[in-house]
Amino acid sequence: MLERLTYFLDDNNISYYIIAGTLLGAVRHKGFIPWDDDIDIAIKRDDYDRFLKIFKNNDLFFLQNWRNDEHYGLPFSKLRLNDSIYQEYSSQKMNIHHGIYIDIFPLDEVSDNRIIYFMQKHLSSILQKIIAVKSKFTYDEPFIKKLGRSFLFYSSIFITKKFAINFFEFINKKLSKYNVSDLLLCTGGSYGFDKELVLKKWFASYKILSFENLEVKAPYLYREYLTNLYDEYELLPPVEKRIGRHDVLIKKVTIKQYKYLNKNY
């Protein structure tokens, strides 16, 4: 999947970067982290939006986002493999495409304006939680947090999911471009707002790294990025923490799709 995606991006002059666990895996393991099995890439917003416009869904792939899959509830896209299943605990109640996927995150501008920055950090987070509960996300969390999500759901009963999405995008796609800073935000990243802030100079260009049998693009200053996200990233975690971050219920791919995916193109 990654090979076909990067081929499409390169062929259409769309810059991308492997990030998060995928980048960590490339640097530390030359491929997948042994206890992890997903792929994360990031694309700067203008190129990201162009990618969404020009990519055409086909027999092999479905490019999923909250504009073309009404029950989906995340502010980034997933490239899904058709005729496959990768159903996670968090999305088990959602009527969406559940295929094996690659996460594709937009890198948005971050404003130096204090009010807009506050909106990006705090209001966007609230809107994202509202969108998630309205999309029927399932969380394995303590009772008090579940109570908080229930309160959020009922207190936002007059806010439609469409309104929340439009407001979220207005903040992060439009307002964020006012009085821009030297930062970018990996919108929707799972490490929290502060950790997902990156310096533009880290992504000013790219370096080629090996990932399994592929050569892929990483942020130019990828070591600074990894240190910001993981601190001592070259050290292996304790054995008891070597577990995947995704609680996967079902994994399945048809033989037909497996053969199709591995054909030369």
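The crossing of helices α4 and α6 is left-handed, a term used when the near helix is turned anticlockwise from the far one by less than a right angle. The model is predicted, so that local features need pLDDT of at least 70 and side-chain atom pairs count only at pLDDT 80 or more, while totals for chains, interfaces and linings use all residues. Residues are numbered from 1 along each chain as its sequence is written, and side-chain values use heavy atoms, with hydrogens and water left out.

**Helix packing**
- Helix α4 (residues 114-134) packs against helix α6 (residues 161-174) at an angle of about 155°, and their axes lie 9 Å apart.
- The two helices are therefore roughly antiparallel to each other, the label for angles over 145 degrees on a scale from 0 to 180 degrees between N-to-C directions.
- The contact (heavy atoms within 4.5 Å) involves, among others, Met-119, Leu-123, Leu-127 and Ile-131 of α4 together with Ala-164, Ile-165, Phe-168 and Ile-171 of α6.
- By class, this contact of α4 with α6 comprises 10 nonpolar, 4 polar and 2 charged residues.

**Strand β2 and its partners**
- Strand β2 (residues 40-44) is largely enclosed by the rest of the structure, because 4 of its 5 residues are buried, meaning under 20% relative accessible area with a 1.4 Å probe and protein chains only.
- Strand β1 (residues 17-18) pairs with β2 in the antiparallel sense over 2 bridges, where pairing requires that DSSP finds at least two bridges between the strands, and Tyr-17 has Ala-42 in β2 as its bridge partner.
- Strand β6 (residues 101-111) runs parallel to β2 and is joined to β2 by 5 bridges, with Asp-40 standing opposite Asp-103 in β6.

Definitions and conventions:
Parallel < 35°, antiparallel > 145°, perpendicular 65-115°, else oblique. Nonpolar A, V, L, I, M, F, W, Y, C, P; charged D, E, K, R; others polar. Buried < 20%, exposed > 50% of the residue type's maximum accessible area, 1.4 Å probe, protein only.
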